[in-house]
Each structure stands twice: as C-alpha cells, then as structure tokens.
Amino acid sequence: MKYAASCPYIGIARDEQERPLRLDGTKVSLLDKYGYTEQDAKQLCREAGLLSPVYEFTDRGGCWFCPNAKTRELRHLYDHHPDLWARIPELQALPGKVSEKFNRTMTFADIDARFRQEDDQLNLFRHAA
C-alpha cells in the first residue's frame, strides 16, 4: 500500500488492542508496522534520550517533543525542563514535516508566547499584591 507524502504517522504500538484496528489507511503506525510494543517504544526513546519527562507524573506519554502532548504536559516541559524546551524550535525548523503546526492548531512559537504571557500575568498579579 502506498501512502501520500502528507500522511500522518502516529504512535500506536503493536500491543494496543483496539487502536491499530481503527487505522483507515490514511494513517500509518510505524510502531505497529514494525512490531514495537509500548514498552519497546519507551525503552527506545529512553536509550535515544527522547523519553519525555512527563513520565515523572504520568504513565503514558511519548517523546518530549510530542505534538500530541496535552497542554499540561507541555507546560511541565516549559516549567521544569527549559533545556528541552529550548530545543523544540530546532525541531520545528526541520523541513518535511506533515504540518508546520506544532500541535495541529498552534505553532511552537504560539505555545511559547502563550506560556510567557501566562507567566507575565502571574508576575504582574504577584507584584500588585
């Protein structure tokens, strides 16, 4: 089966029971295709230095630069791992991505600006008190 160049690749592991069955041919899970379980993927990310620090407070996540990360997970990365946060623009600048949006709706710059604005508002509130 041939896939379009803009086909989104998603991280569904081989041992996830239902999710691989729901793939409709427009999405490809390379983890499933090559037989990787969730544990295999986690170990591979750990060995490559890509394991997200969100595993510090949740048992499910992905790479630290996952565009599917929830706002809470991105905020954790922003607040507690500025070294990793600072590397995201490098990844955002790489060519050949499926989307220029970081999380399908916002660019990395949009997300970064949002967090900075939230911090500025908190600081203003603290200084006014």
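Of the 129 residues in the chain, 26% are buried, a term that here stands for a relative accessible area under 20%, with exposed meaning over 50% and partly exposed in between (1.4 Å probe, protein chains only). The model is a predicted one, in which local features need pLDDT of at least 70 and side-chain atom pairs count only at pLDDT 80 or more, while totals for chains, interfaces and linings use all residues. Residues are numbered from 1 along each chain as its sequence is written, and side-chain values use heavy atoms, with hydrogens and water left out.

The chain contains five helices and two strands, which follow the order β-β-α-α-α-α-α from the N terminus; both kinds of element are DSSP runs, numbered from the N terminus, with helices (H or I) of at least four residues and strands (E) of at least two.

Helix α4, which spans residues 82-92, has Leu84, Trp85, Ile88 and Gln92 as buried residues. These residues lie on the same side of α4, because they cover an arc of only 100° around the axis, the arc being that of the directions from the helix axis to the C-beta atoms. An α-helix has 3.6 residues a turn, so residues three or four places apart point the same way. The exposed residues Pro82, Asp83, Ala86 and Glu90 are carried by the face of α4 that is turned away from its buried side.

The cover over the buried residues of α4 includes α3 (71-80) and α5 (108-128). In α3, the residues Glu73, Leu74, Arg75, His76, Leu77 and Tyr78 are buried, and the buried residues of this helix pack against α4 and α5, where contact means heavy atoms within 4.5 Å.

The axes of α4 and α5 come within 10 Å and cross at roughly 155°; axes are lines fitted to C-alpha atoms, for helices over the stretch in contact, and angles run from 0 to 180 degrees between N-to-C directions. The two helices α4 and α5 are therefore roughly antiparallel to each other, a description that applies to angles over 145 degrees. Their contact is formed by Trp85, Ile88, Pro89 and Gln92 of α4 together with Phe108, Ile111, Asp112 and Phe115 of α5.

The largest nonpolar core has twelve residues, among them Trp64, Leu77, Leu84, Trp85, Ile88 and Phe115, and α3, α4 and α5 each supply at least two residues of this core. Such a core is a set of buried Ala, Val, Leu, Ile, Met, Phe, Trp, Tyr and Cys residues joined through side-chain atoms within 4.5 Å. Leu84 touches Pro53, Trp64 and Leu77, when residues up to four places away in sequence are not counted.

Key: Angles under 35 degrees count as roughly parallel, over 145 as roughly antiparallel, 65 to 115 as roughly perpendicular and the rest as oblique.
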